[in-house]
Amino acid sequence: MTERSGAFASRPHHGGWREDDPVGERRWVHIEEPLELESGERLPGVRLAYQTWGRPNTSGTNAVLVLHALTGDAHVTGSVGPGQLSPGWWEGVVGPGLALDTDRYYVVAPNVLGGCQGSTGPSSTAPDGRPWGSRFPRITLRDTVRAEEHLAAELGIDTWAAVIGGSMGGMRALEWAITYPDRVRGALVLACPAATTAWQIAWASPQLRAIQADPNWVGGDYHDTDQGPVDGLGVARRIAHVTYRGAEEIDTRFGRDAQGDEKPAEGGRYAVESYLDHQAGKLVGRFDAASYVLLTQAMNGHDVGRGRGGVPAALARMPERTIVAGVTSDHLYPLAQQDEIARMLPIPGRARVIDSPYGHDGFLIEADQVSGLVKELLEG
């Protein structure tokens, strides 16, 4: 069953799109039966938050699924408003007249299962009326895709014209196309690997430890207390942000400058430290630490070849119309990993290159280059 916030909240409907559906407004789909997880556990009471833009055509061939990264959400485009803590994260790519033209395509963006922006996650209320907290089961990215398949069914979408995502969203795009090959006609996979490597798990490990070592973590059961592990989450974000940006950009932007009138030699901060403090503060204000841990663990477990005969066999199931791209300065998910994916597709090739000094975040920042890839995928 689907529900929506605001003026439409009193008019739930079952399945499909309606003329009065609010564009760009957060809504929810409830999964009636317990969700079967890859681990064998069953997760009851699941709901997914999502937003849509545009409208489906009569033939049902213009739906595009957009999947966010680790700390993203369903708010792909649009200003801050009711229920929105930040502006859209792909403003220059999605919208009327843009590469993903919402006058032509029906764009659907879910908040990931396990998240904290409206979808069921550790901070949600369990059936017993208490927060899930540490009792929330471990999930995989395949579990998140299985939940999103319920959303597609609720909206009456049999086939996606394209599935698009970067970073964790790219991992989910791969899983969508491989798990449901008959339901994905095209895919754009940005800045992600086919399987998470030891290098990437190594960068994630101190982030997880920082959160779990915070005294306010309380074993993950802090949601009904007055204070959560904000210090640990802030440290995790500082570490992560260093992996998201390019070394040359950081050096050029900040150099060895002090922050304002502060004196590093006397205990003050460098400008780059102030920048990381700012990034940490922004995330702490909008994201739940337990969701950060849960989803990071799910990304650590990402491997499209698991149970499918290995990565090459899995990637052979991708649609022929697949574009893979990486960022030149990405040192977290280097371009060689996207090349590996591209070489194993049904039509082998090379990964497309997003030339950017901004590191991994280039897939979010370089709107013009990403737009070219989106247009090529959709118009090809």
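Colleague: Leaving aside its neighbours within four places in sequence, which residues is Ile-250 in contact with?

Modeller: Please keep in mind throughout that this is a predicted model. Ile-250 is found in helix 5, which covers residues 247–254. Once the neighbours within four places in sequence are set aside, the residues in contact with Ile-250 are Arg-245, Gly-255, Val-272 and Tyr-275.

Colleague: How many Å apart in space are Ile-250 and Tyr-358, C-alpha to C-alpha?

Modeller: In sequence, Ile-250 and Tyr-358 are 108 residues apart. In space, the distance between them, taken from C-alpha to C-alpha, is 8.5 Å.

Colleague: Is His-241 buried or exposed, and with which side chain does the side chain of His-241 make a polar contact?

Modeller: His-241 is found in helix 4, residues 230–244, and because its relative accessibility is 4%, His-241 counts as buried. Leaving aside neighbours within four places in sequence, His-241 is in contact with Leu-276, Gln-279 and Asp-361, as well as with Tyr-275. The polar contact made by the side chain of His-241, at 2.6 Å, is with the side chain of Tyr-275.

Colleague: Which residues of the lining lie nearest the centre of the largest pocket?

Modeller: The largest pocket holds about 940 Å³ of space, and the elements that give two or more residues to its lining are helix 3 (198–213), helix 4, helix 6 (271–284), helix 7 and helix 10 (362–365). By class, the lining of this pocket divides into 15 nonpolar, 16 polar and seven charged residues. Of the 38 residues that line the largest pocket, those nearest its centre are Thr-71, Arg-237, Arg-286, Asp-361 and Leu-364.

Colleague: Which residues line the largest cavity?

Modeller: The structure holds one cavity of 30 Å³ or more, and about 40 Å³ of space lies in the largest cavity. Its lining has two nonpolar, three polar and four charged residues. By name, the residues lining the largest cavity are Thr-140, Leu-141, Arg-142, Glu-175, Ala-298, Gly-301, His-302, Asp-303 and Arg-306.

Colleague: Why does Arg-308 count as buried, and which side chain does its own side chain meet in a polar contact?

Modeller: Arg-308 lies in the loop between helix 7 and helix 8, and it counts as buried because its relative accessibility is 17%, where the limit for that class is under 20%. Not counting residues up to four places away in sequence, Arg-308 touches several residues, including Arg-142, Glu-175 and Arg-317. The partner of its side chain in the polar contact, at 2.9 Å, is the side chain of Thr-179.

Definitions and conventions: Residues numbered from 1 in each chain as written. Predicted model: local features only at pLDDT ≥ 70, side-chain atom pairs only at ≥ 80, totals over all residues. Heavy atoms only, no water. Helix = DSSP H or I, 4+ residues; strand = E, 2+ residues; numbered from the N terminus. Buried < 20%, exposed > 50% of the residue type's maximum accessible area, 1.4 Å probe, protein only. Polar contact = N/O pair within 3.5 Å; in protein donor to acceptor, adjacent residues only side chain to side chain. Contact = heavy atoms within 4.5 Å. 1 Å grid on protein atoms, 1.4 Å probe; cavity = no way out; pocket = protein on both sides within 12 Å on 5 of 7 lines; lining within 4 Å. Points joined across faces, edges and corners; volume = space filled by probe spheres on them. Nonpolar A, V, L, I, M, F, W, Y, C, P; charged D, E, K, R; others polar.
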